[in-house]
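Visitor: I would like to go through some of the labels used for this model and hear what each rests on. Please show the structure.

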Amino acid sequence: MHKLVIAIWHVLHDHAPYRELGADYFTRRDTQRAIRRMTKEANSLGLTVRFDPIEAT
């Protein structure tokens with residue numbers, strides 16, 4: 001809720017148009033943090049995970 005209020009304030013204060021950043025914005029912004037979060041969540045479920053990079057085609 002707080003992030004929404006901050007976004008609205010910036011749009012109104014700066015007279016800037018609203019920009020949708022996308023559903024994966026935070027994942028793209030800090031991939032290592034996303035990996036740590038997924039690992040922690042999997043561990044709490046009793047799972048072990050391994051991340052291997054995908055080769056670009």
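**Labels and their cut-offs**

Guide: The count of aromatic pairs comes to 1. This is a predicted model, in which local features need pLDDT of at least 70 and side-chain atom pairs count only at pLDDT 80 or more, while totals for chains, interfaces and linings use all residues. Residues are numbered from 1 along each chain as its sequence is written, and side-chain values use heavy atoms, with hydrogens and water left out.

Visitor: Why is the pair of Tyr25 and Phe26 called edge-to-face?

Guide: Rings of Phe, Tyr and Trp (its six-membered ring) pair if their centres lie within 6.5 Å; planes under 30 degrees apart are stacked, over 60 edge-to-face, and the rest tilted. The centres of Tyr25 and Phe26 are 5.1 Å apart and the planes stand at 70 degrees, so the pair is edge-to-face.

Visitor: How do you know whether Phe26 is buried or exposed?

Guide: Buried means under 20% relative accessible area, exposed over 50%, and partly exposed in between (1.4 Å probe, protein chains only). Phe26 has 52%, so Phe26 is exposed. Tyr25 has 27% and is therefore partly exposed.

Visitor: What makes Lys3 count as lying over the face of Phe26?

Guide: A charge sits over a ring if NZ of Lys or CZ of Arg is within 6 Å of the ring centre and within 35 degrees of the ring normal. Lys3 lies over the face of Phe26, at 5.0 Å from the ring centre.

Visitor: Why is the contact of Asp24 with Arg28 called a salt bridge?

Guide: The term asks for a side-chain nitrogen of Lys or Arg within 4 Å of a carboxyl oxygen of Asp or Glu. For Asp24 and Arg28, the closest N and O atoms are 3.1 Å apart, and the two form a salt bridge. Asp24 is partly exposed, because its relative accessible area is 39%.

Visitor: How many salt bridges does this rule give?

Guide: The count is 2. Asp52 also forms a salt bridge, with Arg50, where the closest N and O atoms are 3.0 Å apart. Arg50, at 70% relative accessibility, is exposed, whereas Asp52, at 48%, is partly exposed.

Visitor: Why is Ile8 called partly exposed?

Guide: Ile8 has 44% relative accessibility, so Ile8 counts as partly exposed. Ile8 is found in helix α1 (residues 2-14), where helices (H or I, at least four residues) and strands (E, at least two) are DSSP runs numbered from the N terminus.
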